[in-house]
Amino acid sequence: MADILKIGASGVSTMQKGLQTTSNNITNVNSEGYTRQRLVTYTNTPMLGAGKSIVERLSNEFAQAEMWRDTSDSAYYNKVYEQLYSTDQLLSGKGTSLATGISDIFSAVESADNDPSSSATRVDLLNKLEGFSKSLSNMGSQVQQNLETVKETLDSDITETNDMLQQIYSLNQQVRKVWPNVRNTDGTAYNLVDQRDLLIEKLSKKLDIRVVDSDYGVRNINLASGQSLVLDTCAATIEQLPGLVNPEDTRMAYSFNGGVKTVLNNNTLGGEIGASLDDRTALDEALKQLGQTAVAFTDSFNHVNHCGL
């Protein structure tokens, strides 16, 4: 009879743990970052009832790594579209295109040339030139404003990224402490792992990263280009350094504990930070080309006018 009671008690205890695990899954079905868990029960010696039961976290490591990579790619292209769309519409739109303004000026010049005695055609030409000048000025101001917005976004993203790197490192240390017994608990210890992996997912939006599993549940973070951001012992800090030629053309760098700053390749960072760096370059180039267009058009028009043509 004693054996029957022991077998029954072990079965009830196991079912209770299973109900707790199921209840935890249902309760957290809408919790951000939560990963489903299950109870695994092992057989015991005959006549001794249910054996040892452990809680497992159901996570596909390969699918998770692919998701982080795809998240980084998606964040990059979405940010590029978001930050350059207005500039693209400004420069290519029919109502604001420089080509339209130049075409209108040529038409006005032709009309003035065909009827040089008409004051109306001369006034129209002057109006077209003034309008083109204002259009160039407005375009330059709008592109410059977009550029400043991109720089502010980049500063904000860098600050947020550094915060996440420190939080991931801190959670790694907490996971390391509970990891030896994590499967023997009621599953709440896995909450630390969920929090850590949720931060990694958010970090993958900022940078193109790769995750390397270490001992005791710790996960180290590297850039796709190989540089380490989170190690077993510390987390890196990323920052901007002044450009070698133009101080505004900043270079990304990282360091550990305020040590030597290692310069990164801006073109390989990916994510929203990589997108902002590429957008900054594109907007800088757009401003240069607008300035070159204004200078070249003015010089050519004055030269032709000086020749009396």
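**Close-ups of helix packing and two residues**

**View 1. Helix α2 passes helix α6 in a right-handed crossing.** Right-handed means that the near helix is turned clockwise from the far one by less than a right angle, and left-handed means anticlockwise. The model is predicted, so local features need pLDDT of at least 70 and side-chain atom pairs count only at pLDDT 80 or more, while totals for chains, interfaces and linings use all residues. Residues are numbered from 1 along each chain as its sequence is written, and side-chain values use heavy atoms, with hydrogens and water left out. Helices here are DSSP runs (H or I, at least four residues), numbered from the N terminus. The axes of α2 (residues 61–92) and α6 (residues 271–306) come within 7 Å and cross at roughly 20°. Those axes are lines fitted to C-alpha atoms over the stretch in contact, with angles running from 0 to 180 degrees between N-to-C directions. The two helices are therefore roughly parallel to each other (angles under 35 degrees count as roughly parallel, over 145 as roughly antiparallel).

**View 2. Here is where α2 and α6 meet.** Look for S72, Y76, K79 and L84 among the α2 residues, and for G271, D278, A282 and L290 among those of α6. Contact means heavy atoms within 4.5 Å. The residues of this contact divide into ten nonpolar, six polar and four charged. Ala, Val, Leu, Ile, Met, Phe, Trp, Tyr, Cys and Pro count as nonpolar, Asp, Glu, Lys and Arg as charged, and the others, Gly among them, as polar.

**View 3. D278 sits in helix α6.** At 25% relative accessibility, D278 counts as partly exposed (buried is under 20% relative accessible area, exposed over 50%, partly exposed in between, with a 1.4 Å probe and protein chains only). Its side chain is joined to that of Y76 by a polar contact of 2.5 Å. A polar contact is a pair of N or O atoms within 3.5 Å; within protein, one must be able to donate a hydrogen and the other to accept it, and residues adjacent in sequence count only if both atoms are side-chain atoms.

**View 4. Helix α4 crosses α6 too, and this crossing is left-handed.** The axes of α4 and α6 come within 9 Å and cross at roughly 160°, so the pair is roughly antiparallel.

**View 5. N172 belongs to helix α4 (residues 119–178).** N172 is buried, with a relative accessible area of 0%. A polar atom of its side chain lies 2.8 Å from the backbone oxygen of R219.

Methods: Angles under 35 degrees count as roughly parallel, over 145 as roughly antiparallel, 65 to 115 as roughly perpendicular and the rest as oblique.
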